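Please take a moment to look over the sequence and the three-dimensional structure shown here before reading on. The paragraphs below are meant to be read with both in view.

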Amino acid sequence: MTEKTFVAVAKIDEVPAGAKKLVEAGGNQILLCNTKDRVFAVRNLCSHAYEALDCGRLRNGWISCPVHGARFDLETGMPMNPPASMPIDTFEVRVVDDTIEVAV
């Protein structure tokens, strides 16, 4: 079993409540999303339209694709409505002191 490697990607004050921040880690474009009093991390790619999610709407625990409006649960990556049927990739997040770290 491989141990997870956490990479520092941002300071917590760079992603205030209701905000998103695009970062790179482990060769992935990762979108940090602060909602529901928690920071989530997802791959910045819609599983349906293969469009970037960083311009999508962020609401109460979900993000939507800006092209077709498919919504994804930020915790599980699961689609919440059509036209998406496949989940998006999620990454484990931890906050150490004031630094957001993502497992890659």
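What follows moves from the whole chain to its cores, then to one residue in a loop, and ends with a sheet.

The model is a predicted one, and a reader may begin with its overall build. The chain holds 10 strands and 0 helices, so that, read along the sequence, its pattern is β-β-β-β-β-β-β-β-β-β. The radius of gyration is 13 Å, close to the 13 Å that the globule rule gives for 104 residues, and the chain is therefore as compact as a globular protein of that length. Along the principal axes, the C-alpha atoms fill a box of roughly 40 × 35 × 20 Å. Of the 104 residues in the chain, 39% are buried, while the chain exposes about 5900 Å², of which carbon and sulfur atoms supply 47%.

In soluble globular proteins, nonpolar side chains tend to be buried together. Here the largest nonpolar core has 15 residues, and the members that touch the most others are Leu31, Cys33, Cys46, Leu53, Ile63, Phe72 and Leu74. At least two residues of this core come from strand E3 (28-35), and at least two from strand E4 (38-43). Another core, made up of 12 residues, lies apart from it, and its members include Ala10, Val15, Ile30 and Leu32.

The next stop is Asn44, which is placed in the loop between E4 and strand E5 (58-59). Is Asn44 buried or exposed? Asn44 counts as buried because its relative accessibility is 6%, which falls under the limit of 20%. Leaving aside residues up to four places away in sequence, Asn44 touches Leu22, Gln29, Leu31, Glu51, Ala52, Leu53 and Asp54; two of these, Leu31 and Leu53, were named above in the largest nonpolar core. The side chain of Asn44 also reaches the backbone nitrogen of Asp54, at 2.8 Å.

Strand E6 (residues 62-64) and E7 run antiparallel and are joined by 3 bridges. Within this pairing, Ser64 has Arg71 in E7 as its bridge partner.

How values were computed
Residues numbered from 1 in each chain as written. Predicted model: local features only at pLDDT ≥ 70, side-chain atom pairs only at ≥ 80, totals over all residues. Heavy atoms only, no water. Core = buried A, V, L, I, M, F, W, Y, C linked by side-chain atoms within 4.5 Å. Buried < 20%, exposed > 50% of the residue type's maximum accessible area, 1.4 Å probe, protein only. Helix = DSSP H or I, 4+ residues; strand = E, 2+ residues; numbered from the N terminus. Polar contact = N/O pair within 3.5 Å; in protein donor to acceptor, adjacent residues only side chain to side chain. Contact = heavy atoms within 4.5 Å. Pairing = 2+ DSSP bridges. Rg over C-alpha atoms; globule rule 2.2 N^0.38 Å. Areas by Shrake-Rupley, 256 points an atom, 1.4 Å probe, with all protein chains shown as cover.
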